Amino acid sequence: MSTANLNADDDEIIAATRRWLERAVIGLNLCPFAKAVYVKEQVRYVVSPARTPEELLETLMNELQDLADTDPEKIDTTLLIHPFVLNDFLDFNEFLDVADAAVEDMSLDGELQVASFHPDYQFADTDPNDISNYTNRAPYPILQLLREESIDRAVEAFPEAEAIFEKNIETMEQLGHEGWDKLDVGPAR
């Protein structure tokens, strides 16, 4: 179970998310596409006050529309951080179908997509404490809103993009739980 600080204010939540992004996602090169948008300050951080899945869906739909309407040079991706809802990973995982349906209902499929990160992220057929799960673990539940066009450009520029997942698992296995803990990016085991 995660140990995220649910009493943190928005600035602290964003700071923890940025630390995770800098040290884990970019620092371990878990996403080779993240550094460019981070350096260009094209990442939007939104802390949702939602306490119910319905409230989160409303925020998600607003953020999807905002991203679709914004120049990609200004904002390329949005991290929708929701510390007060869907803290149980199974509930979060079920909500991902709702998020995908919202993208489709808004006629944004093919334009935007949603990626997911959670303090208790667990891939199918893995043990909860399996280090491979940490590739998608973040200090708080996060829905990342991505532009399909940006993904396509990044994949074109990155040879063997399909190998990223396997490389990430190798990275995590070499790092181990002790190495992850030393990154101080949460969540702790």
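L21 touches I26, G27, Y38, Y45 and L79, leaving aside residues up to four places away in sequence; contact here means heavy atoms within 4.5 Å. The model is predicted, so local features need pLDDT of at least 70 and side-chain atom pairs count only at pLDDT 80 or more, while totals for chains, interfaces and linings use all residues. Residues are numbered from 1 along each chain as its sequence is written, and side-chain values use heavy atoms, without hydrogens and water.

**Nonpolar cores**
- The largest nonpolar core has 30 residues, and W20, L21, I142, M172 and W180 have the most contacts inside it.
- Such a core is a set of buried Ala, Val, Leu, Ile, Met, Phe, Trp, Tyr and Cys residues joined through side-chain atoms within 4.5 Å, where buried means under 20% relative accessible area (1.4 Å probe, protein chains only).
- Helix α1 gives the largest share of this core, seven residues; helices (H or I, at least four residues) and strands (E, at least two) are DSSP runs numbered from the N terminus.
- Another core, of 24 residues, lies apart from it and includes V46, A50, V103 and L108.

**Sheet**
- Four strands form an open sheet in the order β1-β2-β4-β3, with mixed pairing; two strands pair if DSSP finds at least two bridges between them.
- β1 and β3 each have a single partner strand at the edges, so one side of each is left without a neighbour in the sheet.
- β2 and β4 pair in the antiparallel sense over five bridges, and I81 stands opposite I142 in β4.

**Helix contact**
- In α3, P53, L56, L57, L60, M61 and L64 meet F95, V98, A99, A102 and V103 of α4.

Technical notes: Buried means under 20% relative accessible area, exposed over 50%, partly exposed in between (1.4 Å probe, protein chains only).
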